[in-house]
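Subject: Structure handover

Hi,

Here is the structure we talked about. Please open it alongside this note, which goes through what was found.

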Amino acid sequence: MGLFDAFRDVGVLAWLREGRQSRRLILLIVFIALLLDNMLLTVVVPIIPSYLYTVDDEAATAVRNHSVSSNSPSGTFQTIVSLYDNSTRLTNLSPQVGTPTVTPALTPKPTPTPNASNCPKADDQLLNENVKVGLLFASKATVQLITNPFIGPLTNRIGYQIPMFAGFCIMFLSTIMFAFSSSYTLLFVARSLQGVGSSCSSVAGMGMLASVYTDDEERGNAIGIALGGLAMGVLVGPPFGSVMYEFVGKAAPFLILAVLAVLDGALQLFVLQPSKVEPESQKGTSLFTLMKDPYILIAAGSICFANMAIAMLEPALPIWMMETMCARKWQLGVAFLPASISYLIGTNIFAVLANKMGRWLCSLIGMLLVGVSILCVPFAKDIYGLILPNFGVGFAIGMVDSSMMPIMGYLVDLRHVSVYGSVYAIADVAFCMGFAFGPSAGGAIARSIGFPWLMTIIGVVDILFAPLCFFLRNPPANEEKMAILMDSNCSMRTRSYSTQGSSYQMGDDMDPDSPE
């Protein structure tokens, strides 16, 4: 025990114990949680379409072979090669009849070319994969959409630590299920279970950051860094999954994610102490009141429709590439690499720049760019033609997310009570609506009218929604909040909120240097 105590005093545990109140350490935890959650979200993108097509194709082939063997005539067969027309015939020497009967043989299948397995035909089986894959991808966001309204108010009652740790536990279980599931049903359950874990992690994580970073500019920078973890997960997931799937096996990427999740859980256990119940000191605005706020709805709509573009692209693009480009397994994931890199760049650049140029303007430009980029995707003839459109999609979504996530906290501070669990539940609901409706509807639309029309529809929707972001230019403050803002004797903590051409400040008697 003495050696263990000495290790605690001088080792990593002592550093964690001393840094338990550090905002940077909390930011690191949220960053890692979003990283792993979105790696699991996107690592399946190149794996599931190819895996399900392979499983269904093997099952269909087995059924056809069984049908052929059962319909074959009984008796002894001998092969006769005709030198006249170079054809092959089978002779059926029936035990009852002495004379052989000659029957045409089944036409032998040609030897497949090396790339034949990578070029599935656009038959009903491949088209049906659009619907199956779309529903599977949408199940996570649908469950998360249902769970979010409960997680937001729950964080107001018990604090952010317990939901955050619960999210880790559920995500770990989901990852193990993905690794060892071989049927569509079990994969569907694993994906749905991930939705519950994601709801806990994202709502609690964003609310925790908003509560410890009270200055609007600092909060925007912190959320931008946290979204960088999301971006890195989206960046690493598809290529990591596709390469591991082709060269190691389906279970390998999920087992590696499970190990990383255990390390994140250990960090949360020492730093956050999730056994403690720490409710908010004041009662927050109800979820339904926040949902009636038109400015919050506009911000949520921007998040929803921007992310719906990539959500529709994820299940449909690999199948379209298999059909039109003869893409190999590793290429199905690498195609998303430009979007992931540009999302990472966009969130880090505009986490700072959006506060200076106006978050409403940053979001408006981002929505327009999403629409234009997604319209260009169907014009690609090979994987290289996808680089520029996918780069534009990722960069534009990074602009929207890094602008709208801080605005959600800003609108609550300006117009409601500064308790953030419910408003980030709404933000996550908006995100999930995009990823629930996008793949499910996108798969059906791609099957009915084709992939190019699917991209046209969502591109036009994003362009038409973009002008609504102008209303976020200078949102009015709540009358009661404005009275607090204008009260020079108020001793509340300093909070500065800046919009395009205007600023509000709450109190001026606190030390501007916030503690780490």
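**An exposed phenylalanine**

Phe-180 lies in helix α6 (residues 161-180). Helices here are DSSP runs of H or I with at least four residues, strands are E runs of at least two, and both are numbered from the N terminus. Phe-180 counts as exposed because its relative accessible area is 59%. The cut-offs are under 20% for buried, over 50% for exposed, and partly exposed in between, with a 1.4 Å probe and protein chains only. Phe-180 and Ala-251 are 71 residues apart in sequence, yet their C-alpha atoms are 6.4 Å apart in space.

**Before you read on**

This is a predicted model: local features need pLDDT of at least 70 and side-chain atom pairs pLDDT 80 or more, while totals for chains, interfaces and linings use all residues. Residues are numbered from 1 along each chain as its sequence is written, and side-chain values use heavy atoms, leaving out hydrogens and water.

**The chain as a whole**

The protein chain has 18 helices and five strands. Of its 516 residues, 53% are buried. The accessible surface is about 23100 Å², and carbon and sulfur atoms hold 66% of that. Areas come from the Shrake-Rupley method with a 1.4 Å probe; for residues, only the protein chains shown count as cover. Contact means heavy atoms within 4.5 Å. Among contacts with a separation of 6 or more, 80% join residues 24 or more positions apart.

**Cores**

The largest nonpolar core has 124 residues. Such a core is a set of buried Ala, Val, Leu, Ile, Met, Phe, Trp, Tyr and Cys residues joined through side-chain atoms within 4.5 Å. The residues with the most contacts inside the largest core are Leu-313, Leu-317, Met-321, Leu-386, Met-408 and Tyr-424. Helix α11 gives the largest share of this core, 20 residues. Another core lies apart from it, with five residues, including Ala-354, Cys-362, Phe-395 and Met-399.

What does Tyr-424 contact, leaving aside its neighbours within four places in sequence? The list includes Val-203, Met-206, Ile-223, Met-405 and Met-408. Arg-219 is also on the list.

**Salt bridges**

The structure holds three salt bridges. The criterion is a side-chain nitrogen of Lys or Arg within 4 Å of a carboxyl oxygen of Asp or Glu.

- Glu-218 pairs with Arg-23 at 3.3 Å, N to O. This pair links distant parts of the chain: Glu-218 is in helix α8 and Arg-23 in helix α3 (residues 23-43), 195 residues apart. Glu-218 is partly exposed because its relative accessibility is 28%. Arg-23 is buried, with a relative accessible area of 7%.
- Asp-413 pairs with Arg-219, with the closest N and O atoms 2.7 Å apart. Asp-413 is in helix α15 and Arg-219 in helix α8, 194 residues apart. Asp-413 and Arg-219 are both buried.
- Arg-415 pairs with Asp-293, with the closest N and O atoms 2.7 Å apart. Arg-415 is in helix α15, whereas Asp-293 is in the loop between α10 (287-292) and α11, 122 residues apart. Arg-415 is buried at 17% relative accessible area. Asp-293 is buried too, at 4% relative accessibility.

Helix α3 is largely enclosed by the rest of the structure, because 18 of its 21 residues are buried. Its end C-alpha atoms are 30 Å apart, which agrees with the 30 Å its 21 residues should span at 1.5 Å a residue. The expected span is 1.5 Å times one less than the number of residues.

Helix α14 (residues 359-376) has 18 residues. It reaches 26 Å from first C-alpha to last, close to the 26 Å expected. Its buried residues include Trp-360, Cys-362, Leu-364, Met-367 and Ile-374. Their cover includes α8 (216-247), α11 (294-324), α13, α15 (387-415) and α17 (451-465).

**A nonpolar surface patch**

Which residues make the nonpolar surface patch of about 370 Å²? They are Ile-341, Ile-345, Ile-349, Leu-353 and Phe-391. Patch residues have over 30% relative accessible area and no salt bridge; nonpolar side chains (Val, Leu, Ile, Met, Phe, Trp, Tyr) are joined within 5 Å, like charges within 9 Å. Helix α13 (residues 337-357) gives the most, four residues. Ile-345 is in helix α13. Ile-345 counts as partly exposed because its relative accessibility is 34%. An α-helix has 3.6 residues a turn, so residues three or four places apart point the same way.

Best wishes
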